[in-house]
Amino acid sequence: MLTRLRTPFYGWYIVGLAFISLFIGAGTGGFVFGIFLPAMSAELGWSQSTIVVASSITSITSALSGPFLGRIADTRGPRLLLITALLVMFVGMAGSGFVNQPWQLYVTFGLMTGVARSALQSVVPGTMVSNWFIKRRSAAYGIAAMGPPCSNVLLPPVISIVVATLGWRAGWIAMGLQGLVLGLIPALLIRRRKPEELGLMPDRKSTRLNS
């Protein structure tokens, strides 16, 4: 008797997107940011402490925007928030490549990237995993949480090469583009907010007997 070909539980695709979200969000952190300090300081004549203020603003903005973004994820779903965060992050990162005054960096990287980081690193992946998993939630989030370590290993060498060969302005633009390339298409393709929309239950393949 032939058995029905089993397809993977849709929730694991969601885990993959959560991994991508965390991977991109980690790129806004200190590992990559530090690569830009010497080149920006040398060309713009700013002290490194002046530039680092932007990173502090990002952390503060990320923390303060979290509750507001969480309410949006609850009412509108994480997909819309993810797409918006990717676009905001692109504008913030790419815009950092055109700054000539410290306040401009504080707006682009500090404020805009800070809001995007909160969505990408906390709100979006947490909401996605909790919607699709209950019993296996810890395992699912553990897989998604591999995103930041992978980002910290892979992105710094690549961005270092871009900054060394093309300059720090091109490096910021490359950072913005990598987020769009990695995250936007998967975010647009995944349209289901919760397993119930597919006749599924968290952790399980189907609510129907067959099955």
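Colleague: What share of the 211 residues in the protein is buried, and what makes a residue buried?

Modeller: Buried residues make up 45% of the 211 residues in the protein, where buried means under 20% relative accessible area, exposed means over 50%, and partly exposed lies in between, with a 1.4 Å probe and protein chains only. This is a predicted model, in which local features need pLDDT of at least 70 and side-chain atom pairs count only at pLDDT 80 or more, while totals for chains, interfaces and linings use all residues. Residues are numbered from 1 along each chain as its sequence is written, and side-chain values use heavy atoms, with hydrogens and water left out.

Colleague: Why is G142 called partly exposed?

Modeller: G142 has a relative accessible area of 41%, and is therefore partly exposed.

Colleague: How do you know which way α1 runs relative to α8?

Modeller: The axes of helix α1 (residues 11-26) and helix α8 (residues 168-189), which are lines fitted to C-alpha atoms over the stretch in contact, with angles from 0 to 180 degrees between N-to-C directions, come within 10 Å and cross at roughly 160°. That makes α1 roughly antiparallel to α8, because angles over 145 degrees count as roughly antiparallel, under 35 as roughly parallel, 65 to 115 as roughly perpendicular and the rest as oblique.

Colleague: Which residues of α1 meet α8?

Modeller: In α1, L17, I20, F23 and I24 meet residues of α8, including Q178, L182 and P186, contact meaning heavy atoms within 4.5 Å.

Terms used: Helix = DSSP H or I, 4+ residues; strand = E, 2+ residues; numbered from the N terminus.
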